[in-house]
Every structure is written in structure tokens, then in C-alpha cells.
Amino acid sequence: MLKSILSGEDCASCRFCCSFRRKSLWETPLFDRTTKEKLEQKFPKARFKKAGTSSFTVNLLHLYKTDDSEEEAACPFLGERGCVLSAEEKPFDCSIWPLRATKIDGKARVMLENTCPAINRQPIQNVEALVKSGLGEKIIENAKKNPDMIKEIKSGFEVVF
């Protein structure tokens with residue numbers, strides 16, 4: 001969804017969005033039950049855990065080697081060339097990152113996670129234009145259908161829609 005402003009090469013070489021610090025496990029993407037079950041068949045080593053009322057996320061706890069909150073573990077679906085999931089299997093969270101759905105004063109909003117190195121090379125006006133061209137509405141619609149994807153406001157985010 002962000003291909004109009006981010007290159008696939010930038011994303012594949014960085015892979016920042018596909019590794020999670022222990023303290024940032026709230027960022028792991030969400031899967032519906034059907035997708036989770038398909039992925040368990042296709043990737044038997046992948047582990048999942050319940051996340052919210054009707055969603056699942058990858059369980060990475062067994063991949064950490066220390067108790068350091070800064071230690072990172074890679075998503076089990078990260079391969080040498082990037083994500084190994086098909087477009088149908090890829091979580092919506094992943095397809096919109098570094099954008100996130102959140103709630104501010106009871107209203108669903110779109111926020112930008114500014115730790116993405118590739119997005120930081122883009123003028124904020126490009127990101128805002130993309131979000132306002134329909135992507136923001138799509139994110140809000142999806143969040144209304146799947147409230148588990150609404151993330152808490154964290155520092156380092158900027159409201160864009």
C-alpha cells in the first residue's frame with residue numbers, strides 16, 4: 001500500500017519492521033483465526049498466541065536469549081528477501097506499517113511510526129498525501145471491523161489523518 005512512496009528494495013534491505021524488541025511486542029501484527037490456521041499448516045515452526053478478542057499474533061518469546069528489553073527477535077515469516085507471506089496471508093498491520101490505527105479522544109485516527117528509516121527519508125507531505133488519498137479511510141474502516149488492531153498511543157508517533 002505504501003509502494004508509491006517506499007521502494008521494495010528499501011524495505012527488503014532494512015527489515016526493521018519485521019523484528020521486535022521484547023519491549024515492543026505490542027507492535028507484532030495480527031492474524032485472523034483462518035489465516036493463523038493456514039499458516040500453522042504451512043509453517044509448522046511458527047508459534048501464535050491470542051491477541052485481543054478475535055485475533056492472534058506471532059509468539060516470539062522463545063526466540064529471545066536474554067531478559068534485555070532491547071533484544072530483538074525476527075518475525076518467523078521474514079526470509080532472506082523479505083516477507084515470505086503471500087499478499088493474502090500478509091496481515092493488514094504489515095501492509096500499512098509504519099502507519100497505525102489508534103484512538104484519540106474516542107475517535108479512530110491514523111498515526112505514523114517515525115522509527116521507520118525509509119519513511120524518514122520521505123517528506124511528511126508525501127505521507128500525508130498518501131493517507132488522505134484514501135489509505136487513511138481504508139485503515140480506519142479496517143480498524144472498525146477489527147478493533148484489536150487499534151494500537152495504544154506511544155511516544156514517537158505523529159497523527160497524519
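Visitor: Which side chain meets that of Lys-23 in a salt bridge, and at what distance, N to O?

Guide: Glu-70 is the partner, at 2.5 Å from N to O. A salt bridge here is a side-chain nitrogen of Lys or Arg within 4 Å of a carboxyl oxygen of Asp or Glu. The pair links distant parts of the chain: Glu-70 sits in the loop between S4 and S5, Lys-23 in the loop between S1 and S2, 47 residues apart.

Some ground rules first. This is a predicted model, where local features need pLDDT of at least 70 and side-chain atom pairs count only at pLDDT 80 or more, while totals for chains, interfaces and linings use all residues. Residues are numbered from 1 along each chain as its sequence is written, and side-chain values use heavy atoms, with hydrogens and water left out. Helices (H or I, at least four residues) and strands (E, at least two) are DSSP runs, numbered from the N terminus. Buried means under 20% relative accessible area, exposed over 50%, and partly exposed in between (1.4 Å probe, protein chains only).

Back to the pair. Glu-70 is partly exposed at 36% relative accessibility. Lys-23 is partly exposed too, at 47%.

The structure holds 6 salt bridges. Another one joins Glu-72 and Arg-21, at 3.6 Å from N to O. Glu-72 lies in strand S5 and Arg-21 in strand S1 (residues 19–21), so this pair ties together parts that are 51 residues apart in sequence. Glu-72 counts as partly exposed at 38%. Arg-21 is partly exposed at 28%.

An α-helix has 3.6 residues a turn, so residues three or four places apart point the same way. Glu-40 is partly exposed, at 30%. Lys-36 is buried, at 10%. Elsewhere, bridges with shared partners join Arg-21, Lys-23, Glu-70 and Glu-72 into one network.

Stay with H2, residues 33–42. Its buried residues include Thr-35, Lys-36 and Leu-39. Seen down the axis of H2, the buried residues fall within an arc of 100°, so they line one face of the helix. The arc is taken from the directions from the helix axis to the C-beta atoms. The face turned away from that buried side carries Lys-38 and Gln-41, both exposed. What covers the buried residues? The cover includes strand S2 (30–31), strand S3 (48–50) and strand S4 (56–58). At the start of H2, a side-chain oxygen of Asp-32 comes to within 3.2 Å of the backbone nitrogen of Thr-34.

Lys-36 has another neighbour to note. It lies over the face of Phe-56, at 4.9 Å from the ring centre. Lys-50 also lies over the face of Phe-56, at 5.1 Å from the ring centre. A charge sits over a ring if NZ of Lys or CZ of Arg is within 6 Å of the ring centre and within 35 degrees of the ring normal.

Next, the rings. A search of the whole structure finds 5 aromatic pairs. One of them is Phe-31 with Phe-77: edge-to-face, 5.9 Å centre to centre, 65° between the planes. Phe-31 lies in S2 and Phe-77 in the loop between strand S5 (72–74) and strand S6 (78–79), so the pair ties together parts that are 46 residues apart in sequence. Both Phe-31 and Phe-77 are buried. Phe-43 and Phe-77 have ring centres 5.1 Å apart and planes at 70°, so this pair is edge-to-face. It, too, links distant parts of the chain: Phe-43 in the loop between H2 and S3, Phe-77 in the loop between S5 and S6, 34 residues apart. Rings of Phe, Tyr and Trp (its six-membered ring) pair if their centres lie within 6.5 Å; planes under 30 degrees apart count as stacked, over 60 as edge-to-face and the rest as tilted. Phe-77 counts as buried at 2% relative accessibility. Ring pairs link Phe-31, Phe-43, Phe-48 and Phe-77 into a cluster.

How values were computed. Contact = heavy atoms within 4.5 Å. Polar contact = N/O pair within 3.5 Å; in protein donor to acceptor, adjacent residues only side chain to side chain.
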